[in-house]
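Student: I am new to this structure and would like to learn how to read its features one at a time. Could you take me through them with care?

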Amino acid sequence: MNTPISKGQPILKVEDLSIGFEGPDGLIPITEGVSFEIYPGEMFGLVGESGCGKSVTCLSLLKLLPSPGGRVISGRICYKGREILSLSPQELRTLRGCEMSMIFQEPGAALNPLMTVERQMFECFQFHRYPGNPQQRSRDLLARTGIADPDRVLKAYPHQLSGGMLQRVMIGMALLLNPGFLIADEPTTALDVTVQAQIMELIRELQDEFQTAILLITHNLNLIAQYADRLAVMYAGRIVEQAPVPSFLENPRHPYSQGLLGALPRLEAHRNQPRPIPGHVPRPRDFAAGCRFADRCPEVMDKCSRKPEFYPIGEKHSAACFLYETHSAAGKTSGTLQP
């Protein structure tokens, strides 16, 4: 079952993680130097446009990168002090689904269409010990997710359920053994706003009940504003800003972060209209050696041809941008901040 962790210690620590994929022209780097920490009971958001490397990063945390092709180039991933990348397949099986779990993006594609919901949920109990009744546990968790008739859903195949129901099933499967760490990869994609709110409230309730640490991966800043405690902004495979959510919303520092917030629609009549960020996220093979946002940045400088380091610009707030190079006499940080 779940291993205890000392108070004040991160449950997950990612250090300088770089991921690449083998292609016809050799290894293509996808992410570079990604670092962050997540603490027990915390919801940590990872945001950015599609194609920034968010989902690839989360798959690497469980060593689920597509094979052959995907691999970790360098860096460390530590869960409760254990180095994930050095674990054997058997050791990984003791963690996946039990201590570390994941709500996959697009549950309709993640679930096996040839197996009933019951059979897919019961697979978890085949590999992990559970002191109670597996069938009752599955039924109870589906009910907790808002499914009114869990017995019918357990006997159903995925194609017989709606998108909202499938999302609830995925959440129930991920929480069967009360994991200490949960990855939620776009958990509300393609759901209407009412179902989105129900799903996120459920995740928050279960987080409070079991003190689960959650990595919320999304491009929806409204979800981050409502539910996350801290966040990291990712662009073109690099993290460019980390901050507590209130500080970020009040004063985003990196030009890319400012662009993300500026592109959000506003209900207030006196606010400006949404301002989309010009251009698009470059393809990995076209990543620049310096600041990867330079070609879209309104504040671009000559020195942006070099890679910027992280600079502290406020309490528990840092950004990888030369605008803040002289902001602090303390100099540079790694970009990994404690809550």
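Student: How many bridges join strand S7 to strand S8, and do the two strands run parallel or antiparallel?

Tutor: In general, the strands of a sheet pair through backbone hydrogen bonds, and the pairing is either parallel or antiparallel. In this model, which is a predicted one, S7 is joined by 5 bridges to strand S8, made of residues 213-218, and the two run parallel. To find one of these places in the structure, look at Leu-182, whose bridge partner in S8 is Ile-214.

Student: Which way do S6 and S7 run, and how many bridges join them?

Tutor: S6 and S7 also run parallel, and 4 bridges join them. Here you can look for Ile-103, which stands opposite Ala-184 in S7.

Student: Where do the side chains of S7 point, and are they buried or exposed?

Tutor: The general idea is that side chains in a regular strand alternate between the two faces of the sheet. In S7, Phe-181, Ile-183 and Asp-185 point one way, while Leu-182 and Ala-184 point the other way, and all of them are buried. The strand, which covers residues 181-185, is thus mostly covered, with 5 of its 5 residues buried.

Student: What is the order of the strands in the sheet?

Tutor: The sheet is an open one of 8 strands, and reading across it gives the order S6-S7-S8-S3-S9-S10-S12-S11, with mixed pairing. At its edges are strand S6 (100-103) and strand S11 (311-314), each of which pairs on one side only. Neighbouring strands of this sheet are turned against each other by 20° on average, when direction is ignored.

Student: Which way do S11 and S12 run?

Tutor: S11 and strand S12, the latter being residues 317-319, run antiparallel and are joined by 3 bridges.

Student: Finally, why does Thr-31 count as buried while Pro-276 counts as exposed?

Tutor: Buried means under 20% relative accessible area and exposed means over 50%. Thr-31 has a relative accessibility of 1%, so Thr-31 counts as buried, whereas Pro-276 is at 67% and therefore counts as exposed. Thr-31 has its place in strand S2 (residues 26-38), and a polar atom of the Thr-31 side chain lies 3.1 Å from the backbone nitrogen of Ile-19. Pro-276 is found in the loop between helix H11 (255-262) and S11, and the C-alpha atom of Pro-276 is separated by 4.8 Å from that of Ala-263, although the two residues are 13 residues apart along the chain.

Note on methods:
Residues are numbered from 1 along each chain as its sequence is written. This is a predicted model: local features need pLDDT of at least 70, side-chain atom pairs count only at pLDDT 80 or more; totals for chains, interfaces and linings use all residues. Side-chain values use heavy atoms; hydrogens and water are left out. Two strands pair if DSSP finds at least two bridges between them. Axes are lines fitted to C-alpha atoms, for helices over the stretch in contact, and angles run from 0 to 180 degrees between N-to-C directions. Buried means under 20% relative accessible area, exposed over 50%, partly exposed in between (1.4 Å probe, protein chains only). A polar contact is a pair of N or O atoms within 3.5 Å; within protein, one must be able to donate a hydrogen and the other to accept it, and residues adjacent in sequence count only if both atoms are side-chain atoms.
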